[in-house]
Amino acid sequence: MKNASVDKWRHAARQFGWKYGVATLTTIAAIWVRTLLNPFLEDRCPFSLFYLSVLTTAWIAGTGPAIFAIALGTLAAAHYFVEPASSLMIHRMPDQVHLAIYVIVNLVATTLFNRLERQRHLAETRSADNERLSQSLREADMRKDEFLALLAHELRNPLAPIRSSLALLDRKSDSPETVRRLREVMQRQTNHLIRITDDLLDVSRFCRGRVELRLELMDLRDAVEDAVEMVEAIVQEKSHRLQLLVPDHPVTVNGDRVRLTQLTANLLSNAAKYTPHCGRITLQMEVIDASVVLSVIDNGIGFSASQAERILEPFVQVDTSRTREYGGLGVGLTIVDRLVSLHGGELTIFSRGPGLGSQFTVSLPTVITDVREASAKVPQDKVAESSRNASTEIRTSEQSAYLTQPIAPGRRLLVVEDNMDASGLLAELFESEGYSVQVACDGIEALQLVKVQSPDIVIMDIGLPGMDGYEIAKRIRRDERSHRIALIALTGWGSDADRELAIQAGFDLHLIKPVVFRELLQHVQELVGRKLQPIHQVATDCSVLC
């Protein structure tokens, strides 16, 4: 701090010396030129050359040095060029009038220079502000387009299995087991749509300041318990180890239980989503002085310092790739930040860097109460571990049938989709049409099946974990033996740029979710009818539901 103050003082001193040095140098130059002209001018026009020194100083150095130049010019003219010489006294009336005109004219000129300089500076400032505003508007417009594309993708993903379920219901409505299973699929995907809609509405309410809390004295451990139940499915799906470290006594806060549950669930689901399989997540609660500190710590993908500055903004995500491995709209942490503020708390985020995990800490004020609290509902050091392996298994019975029964040409089909509801329903629909269908949930598995089983047609999503559909298609096309395979992109990315990328990657068709199954089937049959020759075109007709 001291060195910074010294440097600042030195810089100001240099600026001061430079500006007033200009006034001194221009005055000296005026004296020198006036001395050279003295044989011709004698005692006439003693102040004439000093007009130029003042104006030059005002133009280069500003108002203060210009006034200083006026004073220097007055003293120099009185000393060198006004009778009596070598004296600062001016006795003659004409010289006094010249002096008055010199001072007044130069003061007016300096004032005009100063006004022009301020206007120029104001114009430059406004120009810079306009440029920043224009840049921010361009960035906002770009973020809007990106968000709309992302939202369309996220909405189309659950719509695809819902539409496939309806198509399958038309074919197997007399099977109670099928109806029950499809109803469960549609319920899950509908809940997913509701969650997306609720998150968007919450962000809108927060931005407009229309969220009202129903405050009451409550045990924060109850909200934590509710939140753990909400995220249990995703924790088990990814085989995470969830550790709860909470006090064995009530922690009373003045809060909205529903919103505090939402806050905690968002932090836990965010940690689960951005932590690779079999990761470790710790929720720790401790009371420090008059505050309760709730921390969610994971060993996930982490984030950089630059990302930490924007991670709480709406629709900002750490993962911006097309693999869409983590999904979501990027509003969960925004909601957490707003809820913490409404409860009078503070949210801090920390990560040592990409791949090194992250920690989100919420600090809320506690309430001291004499009311007898119930005994602790969540024991300290409770550990909830998931044991279900989230890797997807290929249906062995179908593989055996594929290996033992002859398959007609053009009837071997591979579905590559990470949404298991969508891939399972699509496979069942094609199987009802006589196709032999296999399912892959990521790029590595898809490439292995293409190499081993050599399908005739591949229907592939673009947003896949680890490796996107474009890269998978390029790798398939690199193998000469795979050139006859027809590739169909069935994706939620539907812009012209996405279609162009699909063509460049080697896809034969680019279809947008959710597509009508009979139209998809027609496309597949057309490709088979053309002996699976790549047609390299983009589907833009009514068969695609945008």
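The average pLDDT of the protein is 78, and 79% of the residues score at least 70; pLDDT is the predictor's confidence in each residue, from 0 to 100. This is a predicted model, in which local features need pLDDT of at least 70, side-chain atom pairs count only at pLDDT 80 or more, and totals for chains, interfaces and linings use all residues. Residues are numbered from 1 along each chain as its sequence is written, and side-chain values use heavy atoms, with hydrogens and water left out.

Two stretches call for caution. Over residues 370-405 pLDDT stays under 50, and the model has 61 contacts beyond four places in sequence for them, a contact being heavy atoms within 4.5 Å. Residues 534-546 also stay under 50, with 35 such contacts beyond four places in sequence.

Now the overall picture. The protein has 16 helices and 13 strands; these are DSSP runs, helices being H or I with at least four residues and strands E with at least two, numbered from the N terminus. Of the 546 residues, 42% are buried. Buried means under 20% relative accessible area, exposed means over 50%, and partly exposed lies in between, with a 1.4 Å probe and protein chains only. The accessible surface comes to about 29,300 Å², and carbon and sulfur atoms hold 56% of it; the areas come from the Shrake-Rupley method with a 1.4 Å probe, and for residues only the protein chains shown count as cover. Among contacts between residues at least 6 apart in sequence, 74% join residues at least 24 apart.

Next, helix H1, residues 2-36, where Gln-15 sits. Gln-15 is partly exposed because its relative accessible area is 37%. Its C-alpha atom is 9.6 Å from that of Ala-61, 46 residues away along the chain. Arg-34 is also found in H1. Is Arg-34 buried or exposed? It counts as buried, because its relative accessibility is 0%. Beyond its neighbours within four places in sequence, Arg-34 contacts residues including Glu-42, Asp-43, Leu-49 and Phe-81.

Leu-49 brings us to helix H3, residues 48-60, in which Leu-49, Phe-50, Ser-53, Val-54, Thr-57 and Ala-58 are buried. Just after H3, Gly-62 has a positive phi of about 110°. Helix H10, residues 332-342, has buried residues too, among them Leu-333, Ile-335, Val-336 and Leu-339.

Last, helix packing. Two packed helices are described by the angle between their axes and the distance between the axes. Axes are lines fitted to C-alpha atoms, for helices over the stretch in contact, and angles run from 0 to 180 degrees between N-to-C directions.

At what angle do H12 and H16 pack? Helix H12 (residues 420-431) and helix H16 (residues 517-529) pack at about 65°, with axes 11 Å apart. Leu-426, Leu-429 and Phe-430 of H12 make the contact with Phe-517, Leu-520, Leu-521 and Val-524 of H16. By class, that contact has seven nonpolar, no polar and no charged residues. Ala, Val, Leu, Ile, Met, Phe, Trp, Tyr, Cys and Pro count as nonpolar, Asp, Glu, Lys and Arg as charged, and the others, Gly among them, as polar.

The other pair is H7 (residues 220-237) and H8 (residues 257-273), whose axes come within 8 Å and cross at roughly 40°. The contact of H7 with H8 has 13 nonpolar, three polar and four charged residues.
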